[in-house]
Amino acid sequence: MSSQIDAMQKDWKDKRNNIIVIVLAVVLAVVLVLFFLQRRDHKVIMTEIKAEKDSIQFQLTEIAASYDSLKTENDTISEQLFVAQNKVKDLLIEVEQTKKVSFSKISDYQKQVTTLRGIMRDFVVQIDSLNRRNEELMAENREVKQQYKEVEQTNQQLNQEKERLQQNLKRAAMLETRQLVAEPLNTRSKETKFAKRTAKVRIYFVLGQNATAKRGPKQIYVRIMRPDQLLMVKSENDVFQFEDLKIQYSAMREVVYEGQDLPVAIFWDNTNEPEMMPGTYTVNLFADGNEIGETTFEIQ
């Protein structure tokens with residue numbers, strides 16, 4: 001009887017052990033399945049996280065490149081660009097150097113990328129607006145310069161026209177002579193052809209009618225050049241203004257000119273002067289700073 005009981009107990013123990021083994025095997029199988037499922041899920045999660053990290057790095061690289069392409073001459077915006085660009089570069093370095101990244105960290109990075117992209121778009125709008133304004137200002141500046149150039153050209157043309165008119169008026173107002181003759185005279189005021197008998201020279205002419213010429217007293221200057229090209233003068237102090245120079249004259253007479261024909265005679269008195277030499281003499285007349293006539297005479 002005892003042996004039967006022992007056999008029954010042994011059978012029960014064996015069944016119990018088998019059940020335990022089966023249960024443990026099932027538990028182990030479940031654990032293994034859960035482990036592999038979790039490992040697979042972990043790999044999927046890590047792959048997704050890595051993909052998100054790579055995407056963030058790519059976006060940050062694009063944003064940094066976009067910042068590099070933004071150019072402006074506005075000092076304030078340039079400083080703001082520099083600060084924002086450094087933030088992008090710092091975040092890119094942080095993302096690259098971070099080894100363990102969680103979904104929460106990825107989410108934080110994405111928010112920062114969105115913010116930085118929005119800031120960059122604002123800069124693009126500002127810079128585009130400034131560039132358009134600069135182009136408008138440059139166009140306006142070019143237009144103003146062109147208008148200034150046209151006005152300057154017009155003024156130059158007007159000045160040239162004014163100068164031409166003044167020159168024309170000056171020429172129109174310039175005294176003119178006609179019937180200009182120079183006659184060597186002897187001591188009896190008779191014309192002579194001989195140098196030894198010449199006591200004086202009479203320069204005769206008519207100041208022509210001119211309605212535009214200034215009226216009033218006029219100083220008429222005579223220069224007589226000898227055959228040897230020496231000027232005949234009474235005094236070194238006998239000078240008058242001609243263009244930018246003061247030049248000597250041989251004889252002078254003041255007349256009152258009223259715009260009508262005016263006969264004039266001016267004399268060179270050779271008394272107490274060296275005897276005149278034979279040859280051809282040149283006579284020039286000047287008035288109002290202009291040369292108004294020229295003639296010659298010859299004595300033997």
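Trainee: What is the mean pLDDT of the protein chain?

Mentor: The mean pLDDT is 84, and 89% of the residues reach 70 or more; pLDDT is the predictor's confidence in each residue, from 0 to 100. This is a predicted model, in which local features need pLDDT of at least 70 and side-chain atom pairs count only at pLDDT 80 or more, while totals for chains, interfaces and linings use all residues. Residues are numbered from 1 along each chain as its sequence is written, and side-chain values use heavy atoms, with hydrogens and water left out.

Trainee: What about helix α2, how far does it reach?

Mentor: Helix α2 covers residues 75-97 and reaches 33 Å from its first C-alpha to its last, close to the 33 Å expected at 1.5 Å a residue. The expected span is 1.5 Å times one less than the number of residues.

Trainee: Which residues of α2 are buried?

Mentor: Among them are Ile77, Leu81, Ala84, Val88 and Leu92. Buried means under 20% relative accessible area, exposed over 50%, and partly exposed in between (1.4 Å probe, protein chains only). An α-helix has 3.6 residues a turn, so residues three or four places apart point the same way.

Trainee: Now the largest nonpolar core: which members touch the most others?

Mentor: Ile203, Phe205, Leu207, Ile224 and Phe297 do, out of 27 residues. Elements that give two or more residues to this core include β1 (177-185), β2 (200-207) and β3 (216-225). A nonpolar core is a set of buried Ala, Val, Leu, Ile, Met, Phe, Trp, Tyr and Cys residues joined through side-chain atoms within 4.5 Å. A second, separate core has 22 residues, including Ile56 and Ile77.

Trainee: What does isoleucine 224 contact?

Mentor: Beyond its neighbours within four places in sequence, the contacts of isoleucine 224 include Ile203, Leu230, Trp268, Val283 and Phe297. Contact means heavy atoms within 4.5 Å.

Trainee: How many aromatic pairs does the structure hold?

Mentor: The structure holds 6. Rings of Phe, Tyr and Trp (its six-membered ring) pair if their centres lie within 6.5 Å; planes under 30 degrees apart count as stacked, over 60 as edge-to-face and the rest as tilted. Tyrosine 221 and phenylalanine 240 are stacked, 4.4 Å centre to centre with 10 degrees between the planes. Tyrosine 221 lies in strand β3 and phenylalanine 240 in strand β4 (residues 239-242), so this pair ties together parts 19 residues apart in sequence.

Trainee: Where does methionine 277 lie?

Mentor: Methionine 277 is in the loop between β7 and β8. Methionine 277 counts as partly exposed because its relative accessibility is 26%. Its contacts, not counting residues up to four places away in sequence, are Ala195, Arg226, Pro227, Asp228 and Ile299.

Trainee: And asparagine 186, buried or exposed?

Mentor: Asparagine 186 is buried, because its relative accessible area is 12%. This residue is found in the loop between β1 and β2.

How values were computed
Helices (H or I, at least four residues) and strands (E, at least two) are DSSP runs, numbered from the N terminus.
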